[in-house]
Amino acid sequence: MALADRINSLSRRLPTWPVYILVAAWVAWLFWLGLSGQLGPEPINTLERKYGLFALQLLVAGLAVTPLRTWTGVNLIRFRRAIGVSAFFVVLAHFSVWALLDVQRLGAIWADIVKRPYVTVGFLSFLLLIPLAMTSNTWSVRRLGPRWRQLHKLTYPALLLGGLHFWWLTKGWQWEPLLYLGGIVALLSLRIRLGARRRPTRARTV
Amino acid sequence: MAHRWTNDLTRADATPRALWLNRRQIMAGLAAGGAVGSALPAAAQAALEPNPIEDIRTYNNFYEFGTGKDDPARNADAMVIEPWSIEVDGLVDNPGTWSLADLMDGLTVEERIYRFRCVEAWSMVVPWNGVELADVLAKVGVNPEAKFVAFETVVQPENMPGVRRQVIPFPYVEGLRLDEAMHPLTILATGIYGEPMAKQNGAPIRLVVPWKYGFKSIKSIVRISLVEEEPPATWNIINPREYGFYSNVNPEVDHPRWSQATERRIGGGLFSPRQDTLMFNGYPEVASLYEGMDLAEFY
């Protein structure tokens with residue numbers, strides 16, 4: 001546990017705001033690369049994919065915080081809000097590039113959401129994340145009380161839909177989206193087991 | 001032989017290399033200076049302009065080298081293309097193993113500037129150099145019973161990281177109906193911009209069928225078979241609902257997962273507008289091949 005303790009004491013001294021700055025800077029930098037012709041001959045598709053993948057990675061990272069604490073003792077819970085809110089920001093960037101730069105026409109955007117299953121699930125995932133991003137502040141946590149925890153379980157279906165969205169849009173038998181989908185399912189099933197184990201003790205601690 | 005078909009896309013034959021290497025900057029300069037002006041509508045005019053060579057060489061689908069668009073440019077160098085021979089078999093008069101040189105000997109290599117439309121709804125304009133497939137078929141002698149032509153791509157597992165990963169079944173195979181194969185638009189290409197074809201583009205010899213989605217235009221061909229029955233085609237085997245045997249470019253028949261009504265020309269930058277996809281990719285002269293066929297059924 002020595003290593004975990006050292007990481008924990010280090011992370012307690014670190015501020016969380018650089019997460020927002022770093023993620024926003026990365027999003028802006030990539031956009032600039034696209035703008036200046038440094039993302040290859042098809043920057044729209046590249047940008048869309050890179051934003052989408054990074055958003056999924058951040059969401060998975062947010063989901064991994066609790067199991068990480070339970071199984072290794074490494075406690076990064078202080079960073080979870082920053083990770084989650086940044087993830088939403090990247091999802092928003094991904095959605096905006098798709099809608100404004102890729103599809104371009106309002107009618108076609110709606111038609112795609114309704115007609116194309118992989119777009120539908122991606123859009124649903126985005127919708128589920130909106131109330132989560134809006135309530136990721138101390139005021140909302142206090143105001144909502146126990147309901148906040150309930151509400152934020154929406155990350156689970158949002159992540160499943162996000163993973164499905166990734167798998168659905170690829171051609172052929174590609175391992176990468178399957179790996180993400182498998183990871184998401186694994187992390188979620190860990191939570192279900194954790195929840196079942198923790199429930200009896202919760203009455204005492206709350 | 002050859003010269004049966006006249007380009008509607010033109011390029012001065014003598015364009016110096018330095019010019020086409022910098023085409024995009026030059027065109028941007030001309031457009032800014034108002035030097036480009038003609039009776040053609042803006043969209044058609046844009047279509048006349050071949051993509052710069054770096055677009056054509058860096059944005060490819062060649063799953064033998066990986067699924068990323070830039071994977072082929074990174075990995076294709078390992079493919080061995082010399083010596084190259086093509087197995088010609090099936091219902092032909094002169095079956096056997098043909099060296100590439102023998103197969104091309106005496107045939108006219110022409111420049112064909114074609115629109116190239118990927119099933120993924122992006123497109124390019126490519127100045128191919130090649131011979132009409134019809135001329136190659138005449139050379140090997142097609143038996144009257146033959147109804148289809150089947151093609152196969154090389155497999156070099158040690159040189160092809162994608163083959164080792166089995167993303168799709170290999171070897172990649174494709175096929176055409178004989179009348180499609182004999183159409184003067186159908187070529188076997190060996191070069192682009194007057195230079196030998198880059199490996200990621202399907203060197204040393206590939207099929208180009210400009211009115212069909214790009215995946216029909218099979219790369220790095222090692223086998224050509226004349227057959228009686230419709231031959232297997234890789235994407236059609238993987239997902240017959242998404243990829244038909246014909247796969248003619250058709251803005252009215254959507255891919256189940258996305259619309260085929262519009263496309264984006266590669267190379268237009270971050271704010272590149274979509275343009276309408278044309279029936280048969282703008283080659284209406286092939287429509288007679290499909291007379292009486294329901295193209296929504298035979299997609």
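How far apart do the end C-alpha atoms of residues 53-162 of chain A lie? They lie 10 Å apart. This is a predicted model: local features need pLDDT of at least 70, side-chain atom pairs pLDDT 80 or more, and totals for chains, interfaces and linings use all residues. Residues are numbered from 1 along each chain as written, chains are lettered from A in the order written, and side-chain values use heavy atoms, without hydrogens and water.

**View 1. Residues 53-162 of chain A.** The span is 85% helix and 0% strand. Helices (H or I) are DSSP runs of at least four residues, strands (E) of at least two, numbered from the N terminus. An unreviewed UniProt entry lists these residues as "domain: Ferric oxidoreductase"; such annotations may be inferred rather than shown by experiment.

**View 2. Trp29(A) in helix α2 (residues 17-35) of chain A.** Trp29(A) counts as partly exposed because its relative accessibility is 49%. Buried means under 20% relative accessible area, exposed over 50%, partly exposed in between (1.4 Å probe, protein chains only).

**View 3. The five-stranded open sheet of chain B.** Its order is β2-β1-β10-β5-β6, with mixed pairing. β2 (96-99) and β6 stand at the edges with a single partner strand each, so one side of each lacks a neighbour in the sheet. Strands pair if DSSP finds at least two bridges between them. β1 (residues 85-90) and β10 (residues 221-227) of chain B run parallel over four bridges. Val88(B) faces Ile224(B) in β10(B).

**View 4. Edge strand β6 (residues 173-177) of chain B.** Five of its five residues are buried, so the strand is largely enclosed by the rest of the structure. β5 (residues 148-153) of chain B pairs with β6(B) in the antiparallel sense over five bridges. Glu152(B) stands opposite Val173(B).
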